[in-house]
Amino acid sequence: MEVKQSKPKKPALVASTIRPPSVEEPMQDWYQTDTHLVIVVYTRQELLQREFVTVEIQPNGVTIQVILDKYSYFVHFKPTFPVKETSVVSVNKGKVEVKLGKVTAGQHWEYHGEGLSSNAVYTHTKSLAPKYRQWIVTKNTFVSHDTRLLRLKAPSGYTMLAPIGYHIHIVHSISGMQIGRSYTVMPPSLVEPNSDKEQEEGRALHLMIKYYSGGTLTPWVTSVSQGESIMVSNYDGNFDIQRLNNLTHLVLFAAGTGFTSMARLIIYALNMPNATLFSVVNILSQESSNSNWKGLRGRINSEHVQDYVPIPSSKCRPLVCICGPWAYNDTVESLTKLRGLKDEHLHIFAQTFPEQTCL
Ligand SMILES: Cc1cc2nc3c(=O)[nH]c(=O)nc-3n(C[C@H](O)[C@H](O)[C@H](O)COP(=O)(O)OP(=O)(O)OC[C@H]3O[C@@H](n4cnc5c(N)ncnc54)[C@H](O)[C@@H]3O)c2cc1C
């Protein structure tokens with residue numbers, strides 16, 4: 001395929017005045033082939049992963065968001081000619097390429113398009129309000145008596161691949177109030193985590209949701225039918241997968257559906273070159289005293305932490321990840337700190353968006 005030289009770009013219409021100090025700004029460029037327009041962002045962040053690039057192709061413009069640690073950089077433009085609604089993103093040593101299909105192949109473009117309001121904005125990601133889009137339910141199946149696996153398909157033109165340990169937010173109107181809850185993005189299957197091509201491309205996602213009979217959102221969200229839509233936010237979270245490098249021990253504490261935060265993490269860790277033996281210990285808090293369960297019972301306590309959490313030293317570099325209700329998270333955090341662990345040895349998966357959200 002012939003690659004044509006790009007002409008000098010028309011200047012972007014608007015550039016943000018809000019710029020993080022002392023952070024080198026990404027730069028954008030473009031080139032074209034007969035069939036594609038390729039937007040390039042040079043981030044200078046060699047470890048950037050594909051997951052930190054989202055693309056939205058709408059009739060009124062294309063938005064590319066590149067998340068660089070705590071900041072987001074945007075390319076926002078109206079293409080000179082129409083582009084197809086699917087895109088292909090590749091990231092290599094900090095260079096991002098977003099390939100957009102030309103509707104009319106062979107057409108030569110003088111410019112990639114006109115810069116729009118968010119073009120070249122470079123700002124704190126936390127300063128951006130969550131944006132909700134309608135995802136369509138394509139499957140809703142039982143995982144256990146009270147837990148469902150939902151598959152959702154992204155809206156046209158939108159591509160979002162959630163990083164490991166990140167969650168989305170679902171909002172729905174319940175009794176006239178917008179209620180929002182967080183849900184972690186799951187693999188389609190624990191045994192075949194890469195079996196959904198659309199999820200791999202950021203065009204679908206899976207959520208595992210437990211039903212609470214007295215709950216506010218779950219009676220509705222676990223009963224949605226195929227074809228119905230759900231308002232889903234862009235992803236959020238702060239888990240840094242690079243923290244798994246150079247560890248000697250990874251210890252995961254999950255209560256109930258806190259397991260969802262651990263699922264992709266476990267799969268990733270087990271595929272690391274230095275992975276060794278993996279073991280699971282269940283502690284049942286609600287098991288009847290008459291049952292024949294021989295394992296641990298009750299709630300998490302200092303003995304459990306002592307048995308499973310190693311003390312950090314020059315030869316021992318543990319990471320402890322925790323996900324459950326607030327009280328559980330607090331207890332495990334306190335017990336591990338009493339054992340000598342510091343914040344650098346801990347990650348707590350927690351709510352980041354407000355529970356009641358105005359759209
Ligand atoms: C980062 C993060 C990721 C998460 N990921 C997942 C996930 O992948 N899957 C998942 O299923 N959940 C996940 N959750 C939990 C999820 O966000 C919701 O909290 C959960 O689905 C319950 O929502 P609900 O509105 O149905 O229940 P809520 O109305 O919030 O109630 C939850 C339970 O508490 C009880 N309850 C409520 N209020 C009271 C009260 N005042 N006194 C006593 N009991 C009360 C309810 O009866 C119910 O049993 C996650 C949470 C966080 C923070």
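Is Lys-95 buried, partly exposed or exposed? Lys-95 counts as partly exposed, at 33% relative accessibility; here buried means under 20% relative accessible area, exposed means over 50%, and partly exposed lies in between (1.4 Å probe, protein chains only).

Welcome to a predicted model, in which local features need pLDDT of at least 70 and side-chain atom pairs count only at pLDDT 80 or more, while totals for chains, interfaces and linings use all residues. Residues are numbered from 1 along each chain as its sequence is written, and side-chain values use heavy atoms, with hydrogens and water left out.

**Salt bridges overall**
- The structure holds 10 salt bridges, each being a side-chain nitrogen of Lys or Arg within 4 Å of a carboxyl oxygen of Asp or Glu.
- One network of salt bridges links Arg-151, Lys-153, Asp-196 and Glu-198.

**Lys-95 and Glu-97**
- Lys-95 pairs with Glu-97 in a salt bridge, with 3.5 Å between the closest N and O atoms.
- Glu-97 is buried, at a relative accessible area of 18%.

**Lys-126 and Asp-236**
- A salt bridge joins the side chains of Lys-126 and Asp-236 (3.6 Å, N to O).
- Lys-126 lies in the loop between strand S10 (122–124) and strand S11 (132–144), and Asp-236 in the loop between strand S17 (229–233) and strand S18 (249–254), so the pair ties together parts that are 110 residues apart in sequence.
- Strands are DSSP runs (E, at least two residues), numbered from the N terminus.
- Lys-126 is exposed at 64% relative accessibility, whereas Asp-236 is buried at 10% relative accessible area.

**Lys-337 and Asp-343**
- The closest N and O atoms of the Lys-337 and Asp-343 salt bridge are 2.6 Å apart.
- Lys-337 is partly exposed at 34% relative accessibility, and Asp-343 is exposed with a relative accessible area of 53%.

Conventions
Helices (H or I, at least four residues) and strands (E, at least two) are DSSP runs, numbered from the N terminus.
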